Amino acid sequence: MKKFFASLLAVAMLAGCSSGSASGGEKPSGGEAAPSGGETSSDVTTYDVGVAIYQFNDNFMTLYRNEIEAYFKTLETDSVKYNVTIVDGKNDMAEQTNQVNTFITQGMDVIILNLVQTSSADALIQKVVDAEIPLVLINREPLAYDKDGNTIDEAYEGILNNAAVCYVGADARQSGTFQGEIVAELPDHGDINGDGKISYVMIEGDPENIDAQYRTEFSIKALTDAGYEVDCLTDQVGNWDQTNGQTIAANALSQYGEDVEVIFCNNDAMALGAAAAITAAGRTVGEDIYLLGVDALDECVEMVNNGTMTGTVLNDAVGQSHTAVDVAVKALNGEAIDNYYWVDYVKVTK
Ligand code: GAL
């Protein structure tokens with residue numbers, strides 16, 4: 001049902017956008033009214049694409065946004081071009097709201113949105129839907145909750161109820177589970193001092209993000225489900241940031257010393273910071289401490305290979321950005337889109 005309406009809506013949208021001529025192989029001829037919001041010549045159709053990123057100062061989202069831009073380029077042909085504008089929300093919701101308003105005023109043909117705050121999802125979705133612009137939400141999933149406050153999968157009404165709105169992401173439960181499994185699979189299962197429990201430090205991303213919540217929960221759940229005892233020495237918020245990761249790890253190492261057996265970081269940027277703190281504290285990964293991240297940044301994969309990180313989990317920036325762009329192009333072409341698209345995580349160990 002949704003697909004059917006998505007199709008109708010997208011076709012209706014195309015009638016009013018710069019790229020209308022792209023569907024069905026028709027080209028506008030001289031006397032026809034030019035569709036609004038973009039450039040169309042008799043030979044070339046240019047789609048205007050607005051991409052709003054929560055913050056440029058984020059290693060993973062930098063890979064993601066660069067790949068969005070690069071992949072759109074590869075899809076260009078002699079007759080179809082993508083004019084991609086990418087803006088930095090600077091981790092400020094008011095700034096991002098202005099940016100989305102500007103995209104609407106500029107008549108973008110499609111918007112790809114990495115929300116600063118998912119609590120503002122409804123307001124922004126409504127603006128974009130009212131402007132009849134297809135919307136692809138990425139990376140930060142707006143969530144639906146049942147009456148007990150538990151999350152419900154694939155149930156966000158702003159997505160379900162709008163045919164031209166979708167979410168592209170990865171299920172963060174998987175990444176957390178993989179982190180826990182990497183520790184469980186170690187010869188000592190993370191219990192370096194043999195006291196029968198895994199004593200760990202948790203360094204969390206932005207707690208508003210489900211990625212941070214799920215990674216924190218499921219990394220430990222994988223261990224307890226496998227029958228291991230755990231002891232949380234401290235659990236601190238590092239907001240995805242390398243410097244915060246370093247400070248939190250340094251403080252934990254000075255406070256708990258040898259007791260720290262595993263440092264779980266919700267992402268690799270914070271693990272890079274923790275790695276520096278581990279070295280500064282005279283500790284050695286793989287010998288007297290373990291270190292886990294998520295994202296599989298190039299430098300962290302190298303560290304896993306040379307043993308200075310225990311493991312990470314590939315957060316597939318290429319897979320996610322290509323899916324987001326493919327879905328955006330589908331919407332531009334008047335094809336139906338689904339509500340949700342998922343890309344798998346992959347465990348990275350030596
Ligand atoms: C996560 C990623 C983090 C950070 C965050 C931003 O998926 O692992 O490194 O980029 O998204 O929301």
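## Close-up views of a predicted model

**View 1. Helix 8 meets helix 9.** Q242, G245, Q246, A249, A250 and L253 of helix 8 touch A269, M270, L272, G273, A274, A276, A277 and I278 of helix 9. Contact here means heavy atoms within 4.5 Å. These contact residues split into ten nonpolar, four polar and no charged. Ala, Val, Leu, Ile, Met, Phe, Trp, Tyr, Cys and Pro count as nonpolar; Asp, Glu, Lys and Arg count as charged; the others, Gly among them, count as polar. Helices (H or I, at least four residues) and strands (E, at least two) are DSSP runs, numbered from the N terminus. This is a predicted model: local features need pLDDT of at least 70, side-chain atom pairs count only at pLDDT 80 or more, and totals for chains, interfaces and linings use all residues. Residues are numbered from 1 along each chain as its sequence is written, and side-chain values use heavy atoms, with hydrogens and water left out.

**View 2. The axes of helices 8 and 9 cross.** Helix 8 (residues 242–256) and helix 9 (residues 268–280) have axes that come within 7 Å and cross at roughly 40°. That makes helix 8 oblique to helix 9. Angles under 35 degrees count as roughly parallel, over 145 as roughly antiparallel, 65 to 115 as roughly perpendicular and the rest as oblique. Axes are lines fitted to C-alpha atoms, for helices over the stretch in contact, and angles run from 0 to 180 degrees between N-to-C directions.

**View 3. Helix 9 also packs on helix 10.** Helix 9 and helix 10 (residues 298–306) pack at about 50°, with axes 10 Å apart. That makes helix 9 oblique to helix 10. D268, L272 and A275 of helix 9 meet E299, C300 and M303 of helix 10. This contact holds four nonpolar, no polar and two charged residues.

View 4. The order is 2-1-3-4-7-13, and the pairing is parallel. Two strands pair if DSSP finds at least two bridges between them. Strand 2 (80–88) and strand 13 (340–342) are the edges, each pairing on one side only. Strand 7 (residues 165–169) pairs with strand 13 over three bridges. Y167 stands opposite Y340 in strand 13.

**View 5. Two rings pair in helix 2.** F60 and Y64 both lie in helix 2, four residues apart, about one turn of the helix. Their aromatic pair is edge-to-face, 6.0 Å centre to centre with 90° between the planes. Rings of Phe, Tyr and Trp (its six-membered ring) pair if their centres lie within 6.5 Å; planes under 30 degrees apart count as stacked, over 60 as edge-to-face and the rest as tilted.
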